[in-house]
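Reader: I have a model open and want to learn how to read its features. Where do we start?

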Amino acid sequence: MATAIYPGSFDPITNGHLDILARAVGVFDRVIIVVLSNTRKAGLFTHSERVEMIHEVVTSDRVSVESFSGLTADFARLRGARILIRGLRAVSDFEAELRIALTNRKLNPDLDTVFLMTSAENLFLSSSTVREVASMGGDLTGMVPPVVAERLRRKFGHVERSEPIAVNSEA
Ligand code: ADP
């Protein structure tokens with residue numbers, strides 16, 4: 001049985017992540033989403049909030065979710081996984097992803113990184129873009145599932161509105 005791990009920050013999970021996940025489930029028997037603690041990034045959502053949201057939007061019984069604080073290479077060893085999934089968007093992702101993949105291979109030579117390409121509509125979608133749009137009360141349709149959009153609205157204290165707020169420059 002081929003188990004793949006799909007690590008990331010998932011702060012929060014977006015339609016881009018779900019796109020990659022659906023593709024991974026089409027290829028591998030089991031996929032473990034790993035919500036990693038990232039020392040470089042202060043998160044918007046707590047780890048348990050991120051895991052909860054993933055549980056709310058992922059329904060496949062071949063996908064499980066875990067939270068891990070440590071090296072991805074060690075997590076893979078713990079679970080006996082030899083495949084690591086990463087998503088690729090624009091060419092700009094490539095250099096950083098290559099560096100991460102080669103580092104992981106050094107740390108765990110049994111682990112191979114498989115890159116899956118996103119759909120065109122998710123090319124410029126990232127958790128950071130979603131957080132920015134949400135912080136300004138923007139429409140998140142098509143970027144994240146409705147339950148995630150609702151969590152973001154609550155996090156930023158926005159209520160749904162249909163009219164933009166007018167800004168009077170002469171005031
Ligand atoms: P990290 O902080 O490790 O980059 P992310 O949660 O931002 O974690 O992303 C996890 C993985 O999902 C990465 O491989 C990233 O490239 C991929 N990913 C994120 N957004 C998209 C998207 N819109 N399309 C395809 N892959 C994506």
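Author: Start with Phe 94. This is a predicted model. Phe 94 has a relative accessible area of 42%, so Phe 94 is partly exposed. Phe 94 lies in helix α4, residues 94-107.

Reader: Is His 17 buried or exposed?

Author: Buried means under 20% relative accessible area. His 17 has 17%, so His 17 is buried. The residue belongs to helix α1, residues 15-27. Its side chain reaches the backbone nitrogen of Thr 14 at 3.0 Å. Beyond its sequence neighbours up to four places away, His 17 touches Tyr 6, Phe 10, Pro 12 and Ser 127.

Reader: How many salt bridges does the structure hold?

Author: Side chains of opposite charge can pair when their charged atoms come close. Here there are 14 salt bridges. One joins Lys 155 and Glu 49, at 3.1 Å from N to O. That pair links distant parts of the chain, helix α6 and helix α2, 106 residues apart. Lys 155 is partly exposed, because its relative accessibility is 35%.

Reader: Which salt bridge partner does Arg 86 have?

Author: Glu 97, at 2.8 Å from N to O. The pair links strand β4 to helix α4. Both Arg 86 and Glu 97 are buried.

Reader: What about Arg 89 and Asp 93?

Author: They form a salt bridge, with the closest N and O atoms 2.9 Å apart. Arg 89 is partly exposed at 35%, whereas Asp 93 is buried at 15%.

Conventions. Residues numbered from 1 in each chain as written. Predicted model: local features only at pLDDT ≥ 70, side-chain atom pairs only at ≥ 80, totals over all residues. Heavy atoms only, no water. Helix = DSSP H or I, 4+ residues; strand = E, 2+ residues; numbered from the N terminus. Buried < 20%, exposed > 50% of the residue type's maximum accessible area, 1.4 Å probe, protein only. Polar contact = N/O pair within 3.5 Å; in protein donor to acceptor, adjacent residues only side chain to side chain. Contact = heavy atoms within 4.5 Å. Salt bridge = Lys/Arg side-chain N within 4 Å of Asp/Glu carboxyl O.
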